[in-house]
Amino acid sequence: AVVVHPKEFSRYSIGEGSGLNLGKSVGGLAASLGFHLRNFWQLEPAMFIFAIVGLPWLWRASRRDFFLLISLPALYLPVLYVLFHDEVRYLLVLLPAFAVIAAVAVDRCLRTAAKFSPASAFALGALAWTLPLAVAGKYLQLLSVPDTRQLAVAWVQSNVPAGSRVVTDLTSIRFTPTRDSLDQQRELDVRSLRQEDRALLQLPAAFYPQPAYEVLPLHFILQPQLPVDLTPEAIQRAGFQYLVVEENAAVRDETRALIGSGATVLQQFRSELPDLNGNFELPIFAIFPARRLGPTVTIYELPRPPSI
(Lines give C-alpha, C1' and ligand atoms only; values in the text may rest on other atoms or scores of the structure.)
Protein backbone atom coordinates (compact mmCIF):
# COMPACT_ATOMS: atom_id res chain seq x y z
CA ALA A 1 0.00 0.00 0.00
CA VAL A 2 2.87 2.37 0.81
CA VAL A 3 4.75 1.57 -2.42
CA VAL A 4 1.78 2.16 -4.70
CA HIS A 5 0.59 5.28 -2.84
CA PRO A 6 3.80 7.25 -2.13
CA LYS A 7 1.95 10.57 -2.03
CA GLU A 8 -0.45 9.27 0.58
CA PHE A 9 2.46 7.86 2.58
CA SER A 10 4.26 11.23 2.50
CA ARG A 11 1.08 12.86 3.84
CA TYR A 12 0.81 10.13 6.45
CA SER A 13 4.44 10.65 7.54
CA ILE A 14 3.74 14.30 8.40
CA GLY A 15 0.45 13.56 10.11
CA GLU A 16 -2.01 14.09 7.23
CA GLY A 17 -4.35 11.44 5.86
CA SER A 18 -3.25 8.79 8.33
CA GLY A 19 -5.75 6.25 9.55
CA LEU A 20 -3.67 5.22 12.55
CA ASN A 21 -5.22 7.86 14.76
CA LEU A 22 -8.68 6.41 14.14
CA GLY A 23 -10.12 3.50 16.08
CA LYS A 24 -9.46 0.19 14.32
CA SER A 25 -11.52 -2.94 14.76
CA VAL A 26 -12.59 -6.11 13.01
CA GLY A 27 -15.96 -4.48 12.37
CA GLY A 28 -14.21 -1.46 10.88
CA LEU A 29 -12.16 -3.71 8.60
CA ALA A 30 -15.36 -5.48 7.47
CA ALA A 31 -16.95 -2.09 6.74
CA SER A 32 -13.87 -1.04 4.76
CA LEU A 33 -13.96 -4.25 2.70
CA GLY A 34 -17.68 -3.70 2.12
CA PHE A 35 -16.97 -0.15 0.95
CA HIS A 36 -14.51 -1.37 -1.70
CA LEU A 37 -16.71 -4.30 -2.68
CA ARG A 38 -19.71 -2.00 -3.18
CA ASN A 39 -17.72 0.41 -5.31
CA PHE A 40 -16.26 -2.41 -7.39
CA TRP A 41 -19.81 -3.61 -8.08
CA GLN A 42 -21.10 -0.11 -8.85
CA LEU A 43 -18.24 0.96 -11.12
CA GLU A 44 -17.31 -2.31 -12.85
CA PRO A 45 -20.42 -4.53 -12.74
CA ALA A 46 -19.40 -6.67 -15.72
CA MET A 47 -15.92 -7.35 -14.33
CA PHE A 48 -17.40 -7.94 -10.87
CA ILE A 49 -19.80 -10.61 -12.11
CA PHE A 50 -17.22 -12.41 -14.25
CA ALA A 51 -14.61 -12.25 -11.47
CA ILE A 52 -17.04 -13.95 -9.07
CA VAL A 53 -17.82 -16.59 -11.69
CA GLY A 54 -14.14 -17.03 -12.53
CA LEU A 55 -12.91 -17.74 -9.00
CA PRO A 56 -14.00 -21.42 -8.82
CA TRP A 57 -12.77 -22.07 -12.36
CA LEU A 58 -9.40 -20.53 -11.52
CA TRP A 59 -9.23 -22.65 -8.36
CA ARG A 60 -9.76 -25.83 -10.35
CA ALA A 61 -7.38 -24.78 -13.14
CA SER A 62 -4.40 -23.65 -11.03
CA ARG A 63 -4.15 -23.36 -7.26
CA ARG A 64 -0.87 -21.44 -7.65
CA ASP A 65 -2.44 -18.80 -9.91
CA PHE A 66 -5.49 -18.62 -7.65
CA PHE A 67 -3.46 -17.83 -4.54
CA LEU A 68 -1.18 -15.50 -6.47
CA LEU A 69 -4.09 -13.38 -7.71
CA ILE A 70 -6.05 -13.49 -4.45
CA SER A 71 -3.06 -12.66 -2.24
CA LEU A 72 -2.83 -9.07 -3.53
CA PRO A 73 -6.32 -7.93 -2.39
CA ALA A 74 -6.10 -10.17 0.70
CA LEU A 75 -2.97 -8.32 1.87
CA TYR A 76 -3.44 -4.91 0.29
CA LEU A 77 -6.90 -4.02 1.60
CA PRO A 78 -6.22 -4.73 5.31
CA VAL A 79 -2.91 -2.80 5.16
CA LEU A 80 -4.75 0.04 3.44
CA TYR A 81 -7.37 0.06 6.19
CA VAL A 82 -4.77 0.17 8.97
CA LEU A 83 -2.49 2.82 7.45
CA PHE A 84 -4.77 5.09 5.48
CA HIS A 85 -8.51 5.53 4.95
CA ASP A 86 -11.12 4.49 2.40
CA GLU A 87 -11.08 6.09 -1.02
CA VAL A 88 -12.54 4.70 -4.24
CA ARG A 89 -9.37 5.31 -6.25
CA TYR A 90 -7.39 2.89 -4.06
CA LEU A 91 -9.25 0.08 -5.83
CA LEU A 92 -7.43 0.80 -9.11
CA VAL A 93 -4.39 -1.19 -7.99
CA LEU A 94 -6.50 -4.35 -7.77
CA LEU A 95 -8.29 -4.08 -11.10
CA PRO A 96 -5.60 -5.90 -13.16
CA ALA A 97 -5.84 -8.95 -10.88
CA PHE A 98 -9.64 -8.91 -11.02
CA ALA A 99 -9.51 -8.48 -14.81
CA VAL A 100 -7.41 -11.64 -15.13
CA ILE A 101 -9.87 -13.60 -12.98
CA ALA A 102 -12.80 -12.22 -15.01
CA ALA A 103 -11.00 -13.14 -18.24
CA VAL A 104 -10.85 -16.77 -17.07
CA ALA A 105 -14.63 -16.75 -16.67
CA VAL A 106 -15.21 -15.09 -20.04
CA ASP A 107 -12.96 -17.63 -21.76
CA ARG A 108 -14.70 -20.60 -20.15
CA CYS A 109 -18.16 -19.18 -20.89
CA LEU A 110 -17.29 -18.55 -24.54
CA ARG A 111 -15.86 -22.05 -24.94
CA THR A 112 -18.97 -23.56 -23.39
CA ALA A 113 -21.31 -21.43 -25.53
CA ALA A 114 -19.38 -22.28 -28.69
CA LYS A 115 -20.14 -25.96 -28.14
CA PHE A 116 -23.82 -25.14 -28.69
CA SER A 117 -23.38 -22.74 -31.60
CA PRO A 118 -21.02 -19.96 -32.79
CA ALA A 119 -23.95 -17.55 -32.55
CA SER A 120 -24.29 -18.27 -28.83
CA ALA A 121 -20.61 -17.52 -28.27
CA PHE A 122 -20.89 -14.29 -30.28
CA ALA A 123 -23.97 -13.18 -28.33
CA LEU A 124 -22.29 -13.91 -25.00
CA GLY A 125 -19.14 -12.02 -26.05
CA ALA A 126 -21.22 -9.05 -27.17
CA LEU A 127 -23.09 -9.09 -23.86
CA ALA A 128 -19.83 -9.15 -21.90
CA TRP A 129 -18.40 -6.17 -23.80
CA THR A 130 -21.50 -4.01 -24.24
CA LEU A 131 -21.35 -2.14 -20.95
CA PRO A 132 -17.55 -1.58 -20.83
CA LEU A 133 -17.57 -0.27 -24.41
CA ALA A 134 -20.61 1.92 -23.74
CA VAL A 135 -18.96 3.40 -20.64
CA ALA A 136 -15.70 4.00 -22.51
CA GLY A 137 -17.57 5.70 -25.37
CA LYS A 138 -19.55 7.93 -23.03
CA TYR A 139 -16.42 8.88 -21.09
CA LEU A 140 -14.63 9.83 -24.32
CA GLN A 141 -17.64 11.90 -25.33
CA LEU A 142 -17.61 13.72 -21.97
CA LEU A 143 -13.89 14.39 -22.32
CA SER A 144 -14.40 15.82 -25.80
CA VAL A 145 -16.73 18.65 -24.71
CA PRO A 146 -15.75 21.65 -22.54
CA ASP A 147 -16.37 21.03 -18.85
CA THR A 148 -17.87 23.56 -16.44
CA ARG A 149 -14.46 25.00 -15.53
CA GLN A 150 -13.55 25.66 -19.15
CA LEU A 151 -16.95 27.26 -19.75
CA ALA A 152 -16.49 29.50 -16.70
CA VAL A 153 -13.03 30.65 -17.82
CA ALA A 154 -14.33 31.39 -21.32
CA TRP A 155 -17.30 33.34 -19.90
CA VAL A 156 -15.10 35.46 -17.64
CA GLN A 157 -12.65 36.21 -20.44
CA SER A 158 -15.54 37.30 -22.69
CA ASN A 159 -17.55 39.28 -20.13
CA VAL A 160 -15.15 40.62 -17.50
CA PRO A 161 -12.81 43.39 -18.70
CA ALA A 162 -9.08 42.67 -18.53
CA GLY A 163 -7.51 44.23 -15.46
CA SER A 164 -10.63 43.86 -13.33
CA ARG A 165 -10.13 42.93 -9.69
CA VAL A 166 -11.35 39.39 -9.13
CA VAL A 167 -11.52 37.34 -5.93
CA THR A 168 -11.25 33.60 -6.57
CA ASP A 169 -11.81 30.52 -4.42
CA LEU A 170 -10.76 27.84 -6.89
CA THR A 171 -8.87 24.57 -6.65
CA SER A 172 -8.69 23.49 -10.31
CA ILE A 173 -9.32 26.65 -12.37
CA ARG A 174 -6.82 29.32 -13.20
CA PHE A 175 -7.20 32.90 -14.38
CA THR A 176 -4.06 34.72 -15.51
CA PRO A 177 -3.05 37.19 -12.78
CA THR A 178 -1.36 40.48 -13.67
CA ARG A 179 2.27 40.90 -12.71
CA ASP A 180 1.28 43.50 -10.12
CA SER A 181 -1.18 41.15 -8.43
CA LEU A 182 1.48 38.41 -8.36
CA ASP A 183 3.92 40.80 -6.72
CA GLN A 184 1.31 41.69 -4.10
CA GLN A 185 0.48 38.02 -3.56
CA ARG A 186 4.18 37.21 -3.08
CA GLU A 187 4.49 39.93 -0.45
CA LEU A 188 1.35 38.68 1.28
CA ASP A 189 2.11 34.93 1.25
CA VAL A 190 5.08 33.75 -0.80
CA ARG A 191 4.09 30.10 -0.24
CA SER A 192 0.81 30.73 -2.03
CA LEU A 193 2.59 31.14 -5.38
CA ARG A 194 2.18 28.17 -7.70
CA GLN A 195 4.83 27.06 -10.19
CA GLU A 196 2.81 28.73 -12.96
CA ASP A 197 2.93 32.01 -11.01
CA ARG A 198 6.71 31.85 -10.71
CA ALA A 199 6.98 31.17 -14.44
CA LEU A 200 4.78 34.19 -15.23
CA LEU A 201 7.00 36.44 -13.14
CA GLN A 202 9.92 35.53 -15.42
CA LEU A 203 8.09 36.27 -18.68
CA PRO A 204 8.86 39.40 -20.70
CA ALA A 205 5.88 41.76 -21.01
CA ALA A 206 5.58 41.07 -24.73
CA PHE A 207 4.90 37.38 -24.07
CA TYR A 208 2.63 37.80 -21.04
CA PRO A 209 -0.72 35.97 -21.62
CA GLN A 210 -3.89 38.01 -21.90
CA PRO A 211 -6.47 38.76 -20.65
CA ALA A 212 -4.96 39.14 -17.18
CA TYR A 213 -6.77 40.14 -14.00
CA GLU A 214 -5.96 41.53 -10.56
CA VAL A 215 -6.58 38.23 -8.78
CA LEU A 216 -6.92 37.57 -5.04
CA PRO A 217 -6.71 33.72 -4.80
CA LEU A 218 -8.29 33.03 -1.40
CA HIS A 219 -7.86 29.27 -1.68
CA PHE A 220 -4.05 29.52 -1.66
CA ILE A 221 -3.49 32.37 0.79
CA LEU A 222 -3.39 30.41 4.01
CA GLN A 223 -0.61 31.93 6.14
CA PRO A 224 -0.07 35.57 5.14
CA GLN A 225 3.14 37.17 6.37
CA LEU A 226 1.47 40.59 6.53
CA PRO A 227 -1.69 41.60 8.40
CA VAL A 228 -4.58 41.35 5.96
CA ASP A 229 -8.26 42.14 6.32
CA LEU A 230 -10.36 39.69 4.30
CA THR A 231 -13.77 40.86 5.50
CA PRO A 232 -16.32 41.63 2.77
CA GLU A 233 -16.14 45.35 3.54
CA ALA A 234 -12.33 45.47 3.21
CA ILE A 235 -12.33 43.46 -0.01
CA GLN A 236 -14.98 45.70 -1.55
CA ARG A 237 -13.15 48.86 -0.43
CA ALA A 238 -10.05 47.51 -2.17
CA GLY A 239 -11.99 47.66 -5.43
CA PHE A 240 -12.65 43.98 -6.06
CA GLN A 241 -15.64 43.71 -8.36
CA TYR A 242 -16.08 39.99 -9.03
CA LEU A 243 -15.97 36.67 -7.19
CA VAL A 244 -15.50 33.27 -8.86
CA VAL A 245 -16.17 30.19 -6.74
CA GLU A 246 -15.70 26.49 -7.41
CA GLU A 247 -18.23 24.98 -5.05
CA ASN A 248 -16.84 22.17 -2.92
CA ALA A 249 -16.19 21.31 0.71
CA ALA A 250 -13.05 23.49 0.74
CA VAL A 251 -14.86 26.81 0.16
CA ARG A 252 -13.45 29.27 2.68
CA ASP A 253 -15.46 31.09 5.32
CA GLU A 254 -14.32 34.43 3.84
CA THR A 255 -15.85 33.36 0.53
CA ARG A 256 -19.17 32.49 2.15
CA ALA A 257 -19.14 35.87 3.90
CA LEU A 258 -18.55 37.64 0.59
CA ILE A 259 -21.47 35.78 -1.01
CA GLY A 260 -23.67 36.67 1.97
CA SER A 261 -22.73 40.33 1.76
CA GLY A 262 -25.00 40.88 -1.24
CA ALA A 263 -23.09 39.32 -4.13
CA THR A 264 -25.17 38.92 -7.29
CA VAL A 265 -24.96 35.80 -9.45
CA LEU A 266 -23.89 36.74 -12.98
CA GLN A 267 -23.50 33.23 -14.36
CA GLN A 268 -23.40 29.68 -13.06
CA PHE A 269 -22.20 26.46 -14.65
CA ARG A 270 -23.73 23.62 -12.68
CA SER A 271 -22.16 20.26 -11.98
CA GLU A 272 -23.97 17.26 -13.42
CA LEU A 273 -21.78 14.59 -11.80
CA PRO A 274 -19.37 14.22 -8.90
CA ASP A 275 -15.73 14.20 -9.97
CA LEU A 276 -15.54 11.26 -12.37
CA ASN A 277 -11.74 11.33 -12.18
CA GLY A 278 -11.69 11.27 -8.38
CA ASN A 279 -13.64 9.36 -5.76
CA PHE A 280 -16.77 8.64 -7.78
CA GLU A 281 -19.17 6.64 -5.59
CA LEU A 282 -22.27 6.42 -7.80
CA PRO A 283 -23.25 3.52 -10.07
CA ILE A 284 -21.45 3.87 -13.39
CA PHE A 285 -24.83 4.16 -15.17
CA ALA A 286 -25.10 7.69 -13.70
CA ILE A 287 -22.69 9.02 -16.34
CA PHE A 288 -24.99 8.36 -19.29
CA PRO A 289 -27.48 11.26 -18.81
CA ALA A 290 -24.63 13.75 -18.16
CA ARG A 291 -23.73 16.28 -20.83
CA ARG A 292 -20.42 17.46 -19.37
CA LEU A 293 -17.97 17.07 -16.50
CA GLY A 294 -16.81 19.55 -13.89
CA PRO A 295 -17.83 21.07 -10.55
CA THR A 296 -20.37 23.85 -10.10
CA VAL A 297 -18.68 27.18 -10.84
CA THR A 298 -20.44 30.45 -10.01
CA ILE A 299 -19.43 33.97 -11.05
CA TYR A 300 -20.67 36.76 -8.77
CA GLU A 301 -20.63 40.53 -8.99
CA LEU A 302 -19.72 42.08 -5.65
CA PRO A 303 -21.67 45.08 -4.31
CA ARG A 304 -19.86 48.39 -4.34
CA PRO A 305 -19.06 49.99 -1.01
CA PRO A 306 -21.23 53.03 -0.12
CA SER A 307 -18.37 55.45 -0.72
CA ILE A 308 -18.08 54.49 -4.42
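Modeller: Start with R252. It is buried, with a relative accessible area of 16%. Keep in mind that this is a predicted model.

Colleague: Why does R252 count as buried?

Modeller: Buried means under 20% relative accessible area. R252 has 16%, so R252 is buried.

Colleague: Which residue forms a salt bridge with R252?

Modeller: The general idea comes first. Side chains of opposite charge can pair when their charged atoms come close. Here the partner of R252 is E254, with the closest N and O atoms 3.0 Å apart. E254 is partly exposed, at a relative accessible area of 24%.

Colleague: How many salt bridges does the structure hold?

Modeller: Eight. One of them links R64 and D65, where the closest N and O atoms are 3.2 Å apart.

Colleague: Is R64 buried or exposed?

Modeller: Exposed, at 63% relative accessibility. The cut-off for exposed is over 50%, so R64 falls in that class. D65 is partly exposed, with a relative accessible area of 27%.

Colleague: What about Q185, buried or exposed?

Modeller: Q185, found in helix 8, is buried, with a relative accessible area of 7%.

Colleague: Which residues does Q185 touch, not counting those up to four places away in sequence?

Modeller: V190, S192, L193, D197 and P217.

Colleague: On to the sheet. What is the order of its strands?

Modeller: The order is 2-1-3-5-4. This is an open sheet of five strands, with mixed pairing. Strand 2 (214-217) and strand 4 (264-269) are the edge strands, and each pairs on one side only. Neighbouring strands of this sheet are turned by 20 degrees against each other on average, direction ignored.

Colleague: In which sense do strand 4 and strand 5 pair?

Modeller: Antiparallel, over five bridges. Strand 5 covers residues 297-301.

Colleague: Which residue in strand 5 is the bridge partner of Q267?

Modeller: I299. Find that pair in the view, then follow the two strands from there.

Conventions: Residues are numbered from 1 along each chain as its sequence is written. This is a predicted model: local features need pLDDT of at least 70, side-chain atom pairs count only at pLDDT 80 or more; totals for chains, interfaces and linings use all residues. Side-chain values use heavy atoms; hydrogens and water are left out. A salt bridge is a side-chain nitrogen of Lys or Arg within 4 Å of a carboxyl oxygen of Asp or Glu. Buried means under 20% relative accessible area, exposed over 50%, partly exposed in between (1.4 Å probe, protein chains only). Helices (H or I, at least four residues) and strands (E, at least two) are DSSP runs, numbered from the N terminus. Contact means heavy atoms within 4.5 Å. Two strands pair if DSSP finds at least two bridges between them. Axes are lines fitted to C-alpha atoms, for helices over the stretch in contact, and angles run from 0 to 180 degrees between N-to-C directions.
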